[in-house]
Amino acid sequence: MFQHVEAYPGDPILSLNEAFGKDPRPNKINLSIGIYFDDAGKIPMLPSVRAAELKVVAEAGARPYLPMEGAANFRTAVQHLLFGADHVAVKKGRIVTLQMVGSSGGLKIGGDFIKRYFPTSSMLVSDPTWDNHRAVFEGSGITVKTYPYYDAATGGLRFDAMLDALKAADKKSIVLLHACCHNPTGVDLTQAQWQALVPVLKERELIPFLDLAYQGYGDGIEQDAYAVRLLATEGLSFFVANSFSKSMSLYGERCGALSVVCPDAAQAVNVLGQMKATIRRNYSNPPMHGGQLVARVLSDPELRPMWEAEVVAMRDRIQSMRRQLHDVLSAKLPGRDFSYFLTQRGMFSYTGLSPEQCDRLKEEFGVYLVRSGRMCVAGLNSGNVEATANAMAAVLA
Ligand code: LMR
């Protein structure tokens, strides 16, 4: 019956993380998956989230189905987090926010909606982008192309080439943009570059689809929402998928959202309705627990500042790892420029290591990086940063 089903070659990120789990070497180092580990190498349970969970569980009652669009308290809290409670688009009812199964769920539901209502639009993603973007949108039947982004020569951004490509894009193309902490490169647009992008998006009637999975890991919770708020202020219509996996360390709860900024409140009503239908066709309605933790943290006057401080601490720890890795590597290989570790932001850095060098790191040293050369800097800690630098220096020498 299933002889025609071919073997699965595996996922470049998730399967590598599984391989790490099975590796028996005690000194192995996991810099593959985009997960924040603390200095002891553990995934933290944030105290704010723990406190929220105790309150939520104490109050928990029956478990009815949530509405297709998710819990109302979650949706409002998330919309305010992304756009600011006083944003004119929020006040005018122009934004639809729906609870999603992670931000991946937001990409998928957004992709299905786009395929139905913009059937001839193709999507442009950055070169490179998160390994799963293409798979998700092609899974919705959308043709996926790329625009120039990362500059391997400088470890920075090819902004002019990116703009040129978008100026030449078909009208009503969907443009996938990383709102902050670009995955996999750690290279972001500056605020001035976001501003320069806006007229191009307007002129070509492009439809931005922002992916905001790392809010708080760039410059701050508010600052990392800059692009989202700018586009809404500029009157653009667009999609935003966001996640609490990283910012609240809630990976397994699969808790995220999809927001659609619409031209007016009447269109927002219909978009909400058709999004509900899209959700119903996929998984009916989202799970309850994770969303209630998020809603509690965001709206509780004691827990909110606790969480904000926890995000600062996670961001600062990554920053100090970037500095340490940079310093050790620069001392070991004086002719080489490792400043990209300091300029790139968020969880990831693009090391420029070849797939073969990544294989050597894994096989000889037990250091796991995605074969694109992406390093999850958030997997470094004071106990493994030196060993990582030594291993990198050995494969680079
Ligand atoms: C990553 O990029 O490593 C994370 O976002 C986890 C994933 O689902 O790929």
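Student: How far apart do the C-alpha centres of domain 1 and domain 2 lie?

Tutor: The two C-alpha centres are 27 Å apart. Domain 1 comprises 12-46 + 304-396 and domain 2 comprises 65-299, with bounds from an automatic or database domain assignment. This is a predicted model, in which local features need pLDDT of at least 70 and side-chain atom pairs count only at pLDDT 80 or more, while totals for chains, interfaces and linings use all residues. Residues are numbered from 1 along each chain as its sequence is written, and side-chain values use heavy atoms, leaving out hydrogens and water.

Student: What makes up the contact between domain 1 and domain 2?

Tutor: Domain 1 contributes 24 residues and domain 2 contributes 28 residues, contact meaning heavy atoms within 4.5 Å. About 2400 Å² is buried between the domains, 58% of it on carbon and sulfur atoms; buried area is the accessible area (1.4 Å probe) that two parts lose on being put together, summed over both.

Student: Why is the pair Asp219 and Arg345 called a salt bridge?

Tutor: A salt bridge requires a side-chain nitrogen of Lys or Arg within 4 Å of a carboxyl oxygen of Asp or Glu. The closest N and O atoms of Asp219 and Arg345 are 2.6 Å apart, so the pair meets the definition. Across the interface of domain 1 and domain 2, the rule finds two salt bridges.

Student: Which element gives the most to the side of domain 1 that touches domain 2?

Tutor: That element is H12, with seven residues. Helices (H or I, at least four residues) and strands (E, at least two) are DSSP runs, numbered from the N terminus.

Student: How do you know that the structure holds zero disulfides, with Cys181 in none?

Tutor: A disulfide is a pair of cysteine sulfur atoms within 2.5 Å. For Cys181, the nearest cysteine sulfur, that of Cys180, is 3.7 Å away, so Cys181 is in no disulfide. For Cys255, the nearest cysteine sulfur, again that of Cys180, is 17 Å away.

Student: Why is Cys181 called buried, and Asp38 partly exposed?

Tutor: Buried means under 20% relative accessible area, exposed over 50%, and partly exposed in between (1.4 Å probe, protein chains only). Cys181 has 1% and is therefore buried; Asp38, at 22%, counts as partly exposed.

Student: Where is Asp38 found, and what does Asp38 touch?

Tutor: Asp38 is in the loop between strand E1 (29-30) and helix H2 (47-59). Not counting residues up to four places away in sequence, Asp38 touches Pro44, Arg317 and Asn381.
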